[in-house]
Amino acid sequence: MTETPLTQIWVYLAASPLLWLSATLVCYLLADRLYRLGRGNPLLNPVGIAVALLIAILVATDTPYGVYFDGAQFVHFLLGPATVSLAIPLYRQRARLGALALPIGAALLAGVLTASLSAVGLAALLGADVATQVSLAPKSVTAPVAMGISEKLGGIPSLTAVLVVSTGIVGAVFGTGLLRLLGIRDDAVKGIAMGATSHGIGTARAFQVSATMGAFSGLAMALSAFLTATLLPSLLTWVGLVGE
Amino acid sequence: MLQALTLILLCQLVGETTVLLAGLPIPGPVLGMLLLLGWLFLRGGVSDDVGHTADALLAHFSLLFVPAGVGVMLHWERIQGQWLAIATSLVLGTLVTLAATALTMVGVRRLMSMGLTRRSKVDD
């Protein structure tokens, strides 16, 4: 390539975090706009579309993921503080939480066990290797937590992150339809199921249905993250995927 | 804003440090969330400052997953090699989990209300 002023600018920009940080925000805003234009059609999930746009740009400009992540890490970093912030919606729901404690506790236990055992079981049945199975196990848990779990148990954290995002998108796209098919009308139940299955992405979708569904989804996301982090190590040891 | 952000970051920092020192199985931010929850119960409420900051962080929660999602680029080969297992596990596993969670909650609630009506009948 000849050194035109344009390539010089590109070389300069590509080396600073500013370019890919801005690209992440622009692609997300575009995807979000498209989602609104489609009147919240779950098929137009903003995370999925933003990811697809960014990958298309990275492939077209021959940019490796590491260079992209140098800029995008500032957005990624906020996942930690955002997880801590979940304490606030939890605290706001404390009264209803007390009244529904037993059904919610049972539902979340069922959700956590089904999520990890179905993920590992189906993957094993269809011939996935152990690293893939372990990376799939925490897929229903919010990304920072799932990546931590995956790393501790011998999975591949960055693969887990991708699987977590995909699980979130699957739940956000099909969740409300499936719950309607099952005849579930209570927004508290719908929220618990959505949050336990599809963490933050499901919660973002739940807030679009109603504030109640969103709050319960956030609650389920936080509690199932905690439950999965506590139970998964022994569960995977029990099924023989992880050594003592 | 700044004070609230500091509080949230400190909860995460204490959470991460405790997890490392004590070798706990849970990730640092989850412990941080529990610490913040404990702090809110101690204080007996959420200040406007903390409430607004948390709402701002959570308003675009899905944006925060985008950088990790782009990481799919790193795993093309593994995903291509095991795509059927991964896709089935993702789609079927997710649908089964949604149904199991929702139906368990409905079932336990129904059992509890049946228990209550039976008890109130005995009381009569």
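User: Before we get going, where do the domain bounds come from?
Analyst: They come from an automatic or database domain assignment. Also keep in mind that this is a predicted model.

User: OK, chain B then. Which domains does the assignment give there?
Analyst: Domain 1 covers 1-60 and domain 2 covers 73-124 in chain B. Taken over C-alpha atoms, the centres of domain 1 and domain 2 of chain B are separated by 29 Å.

User: And how is chain A divided?
Analyst: Into domain 1 (5-77) and domain 2 (83-238). In chain A the C-alpha centres of domain 1 and domain 2 lie 26 Å apart.

User: How many residues does each of those chain A domains put into their contact?
Analyst: Domain 1 of chain A gives 6 residues and domain 2 of chain A gives 9. On the domain 1 side, that's 3 nonpolar, 3 polar and no charged residues.

User: Switching to the two chains together: how many residues does the contact take from chain A and from chain B?
Analyst: It takes 87 from chain A and 62 from chain B. On the chain A side, the largest share comes from α11(A), with 15 residues. By class, the chain A side divides into 62 nonpolar, 23 polar and 2 charged.

User: Tell me about α11(A). At what angle do α10 and α11 of chain A cross?
Analyst: Roughly 140°, with the axes of α10 (residues 143-153) and α11 (residues 157-181) of chain A coming within 8 Å.

User: Why do you call α10(A) and α11(A) oblique?
Analyst: Roughly parallel needs under 35 degrees, roughly antiparallel needs over 145, and roughly perpendicular spans 65 to 115, so the rest count as oblique. The α10(A) and α11(A) pair is therefore oblique. Their crossing is right-handed.

User: Which residues meet there?
Analyst: From α10(A) you have A:A143, A:A146, A:M147, A:S150 and A:E151, and they meet A:P157, A:T160, A:A161, A:V164 and A:V165 in α11(A). That contact has 7 nonpolar, 2 polar and 1 charged residues.

User: Is A:D62 buried or exposed?
Analyst: A:D62 counts as exposed, because it has 7 C-beta neighbours inside 10 Å, and exposed means 12 or fewer.

User: And where does A:H199 lie?
Analyst: In helix α12 (residues 187-209) of chain A. A:H199 also has a positive phi, about 35°, without being a glycine.

User: Buried or exposed, that A:H199?
Analyst: Buried, because A:H199 has 31 C-beta neighbours inside 10 Å, and 20 or more is the cut-off for buried.

Technical notes. Residues are numbered from 1 along each chain as its sequence is written. Chains are lettered from A and ligands numbered from 1 in the order in which they are written. This is a predicted model: local features need pLDDT of at least 70, side-chain atom pairs count only at pLDDT 80 or more; totals for chains, interfaces and linings use all residues. Axes are lines fitted to C-alpha atoms, for helices over the stretch in contact, and angles run from 0 to 180 degrees between N-to-C directions. Helices (H or I, at least four residues) and strands (E, at least two) are DSSP runs, numbered from the N terminus. A crossing is left-handed if the near helix is turned anticlockwise from the far one by less than a right angle, and right-handed if clockwise. Two residues are in contact if their C-beta atoms, placed from the backbone, lie within 7 Å. Ala, Val, Leu, Ile, Met, Phe, Trp, Tyr, Cys and Pro count as nonpolar, Asp, Glu, Lys and Arg as charged, and the others, Gly among them, as polar.
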